[in-house]
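Please open the model in your viewer and keep the sequence panel beside it, so that each selection can be followed in both places.

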Amino acid sequence: MNKNDAPTYLSPADYAIQTRFSDPGAHAGLYDALPTDVPGIAAVVRNLLVHYRGGGIEFTGERLAEIDHRSVSAMLSTDQKRNGRPLAEPREPFDRIVGCCRDYTLLFVSILRHQGIPARSRIGFADYFTPGYNHDHVVAEYWNGDRWVMIDAELEPGERPFDVQDMPAGPFPSAAEVWLGVRAGDLDPDNYGIGPGQPIGGGWFVRNYVHYELAHLNGDELLLWDNWGDMSDTLEGADLALTDQVADLLLASGNGDAAATKQVNNLYRTNPALTFAGRSFITSPAGGPYRLIEV
């Protein structure tokens with residue numbers, strides 16, 4: 001689909017429509033027996049997924065490769081081949097779909113959209129996993145009729161000193177917020193990435209996450225190791241002014257500026273440096289050669 005023909009995302013109602021990544025496809029009927037309350041839906045998601053690094057199990061080979069599932073339909077196909085039972089029936093951790101924060105969020109969003117509830121994924125950094133460090137992370141937001149409610153569906157309620165099912169401002173700043181803080185000299189980019197002491201982090205990483213944030217808010221809920229447009233593993237030669245513009249517009253949009261929402265949506269659809277046009281350079285943690293693929 002050409003981006004100019006794709007749906008626009010200008011109001012909460014637009015996020016009630018499934019995307020090609022969130023659509024459960026042939027497995028949609030499995031959703032009909034699920035709970036309709038948010039805590040119940042989040043519990044189902046945790047029953048279906050196990051984090052490839054945080055679940056306490058070392059996955060390798062084909063099992064680890066499950067983290068490259070792009071769509072909810074692919075995730076559910078894997079689950080049904082392995083378990084073949086209703087989604088709310090308990091799964092042992094080893095039998096769950098191997099994924100990451102993006103997958104918990106996308107599955108949660110998919111179920112809510114199936115029930116007609118606007119929901120979307122948000123890209124940013126969490127300060128609540130390692131003291132003094134901010135891990136890359138993806139959480140969900142759903143529209144309750146009055147406001148966007150942020151939820152970390154990966155976490156059990158009570159695991160943190162705040163409500164993970166109605167998160168306050170602070171623990172999870174968006175990628176746009178962090179980028180602008182880095183650019184202003186208020187935040188140290190070395191405190192943002194996949195983990196303390198890891199080479200995958202810093203200014204270039206935060207910048208790329210602004211591009212992920214923009215894509216996810218425009219219905220392209222891509223893998224966190226997809227690379228397209230002018231994303232790069234260095235800031236040298238990067239168009240920092242463009243990322244500044246996107247981050248400014250994303251913040252304004254999040255504060256209710258309809259003109260900013262329209263402008264940043266149009267930028268994503270028309271600027272080749274930003275638009276995901278169906279080709280991605282994959283750098284998956286599952287290993288194997290880096291590769292260019294058509295999506």
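In sorting residues by class, Ala, Val, Leu, Ile, Met, Phe, Trp, Tyr, Cys and Pro count as nonpolar, Asp, Glu, Lys and Arg as charged, and the others, Gly among them, as polar. By that scheme, the lining of the largest pocket holds 21 nonpolar, 10 polar and nine charged residues. Please keep in mind throughout that this is a predicted model.

**The largest pocket**

Begin by selecting Tyr52, Arg53, Asp136, Ile194 and Trp225, which, of the 40 residues that line the largest pocket, lie nearest its centre. Around them, the elements that contribute two or more residues to the lining are strand E1 (49-51), helix H4 (101-114), strand E4 (134-143) and helix H6 (203-217). The largest share, five residues, is given by H6, and the space in this pocket comes to about 1,100 Å³.

**The second largest pocket**

Next, select Arg122, Glu141, Met150, Phe172 and Glu177, the residues nearest the centre of the second largest pocket, which has 21 lining residues. Here strand E3 (119-126), strand E5 (148-151) and helix H7 (240-254) each give two or more residues to the lining. About 460 Å³ of space lies in this pocket, and its lining divides into 11 nonpolar, four polar and six charged residues.

**Helix H4 and the cores**

Now colour H4 on its own: is it enclosed by the rest of the structure, or open? Of its 14 residues, 13 are buried, so H4 is largely enclosed by the rest of the structure. Just after H4 you will find Gly116, which takes a positive phi of about 85°.

Then select Leu107, Phe108 and Val246, which touch the most other members of the largest nonpolar core, a set of 77 residues. Leaving aside neighbours within four places in sequence, Leu107 is in contact with Tyr31, Val45, Leu48, Leu49, Val72 and Leu76. A second, separate core has nine residues, among them Val139, Leu155, Phe162 and Met167.

**Tyr133**

Finally, move to Tyr133, which sits in the loop between E3 and E4 and is buried, with a relative accessible area of 6%. Apart from neighbours within four places in sequence, the contacts of Tyr133 include Ala126, Asp127, Asp190, Tyr192, Ile194 and Pro196. If you draw a distance from Tyr133 to Phe94, C-alpha to C-alpha, the two are 29 Å apart in space and 39 residues apart in sequence.

Key
Residues numbered from 1 in each chain as written. Predicted model: local features only at pLDDT ≥ 70, side-chain atom pairs only at ≥ 80, totals over all residues. Heavy atoms only, no water. 1 Å grid on protein atoms, 1.4 Å probe; cavity = no way out; pocket = protein on both sides within 12 Å on 5 of 7 lines; lining within 4 Å. Points joined across faces, edges and corners; volume = space filled by probe spheres on them. Helix = DSSP H or I, 4+ residues; strand = E, 2+ residues; numbered from the N terminus. Core = buried A, V, L, I, M, F, W, Y, C linked by side-chain atoms within 4.5 Å. Buried < 20%, exposed > 50% of the residue type's maximum accessible area, 1.4 Å probe, protein only. Contact = heavy atoms within 4.5 Å.
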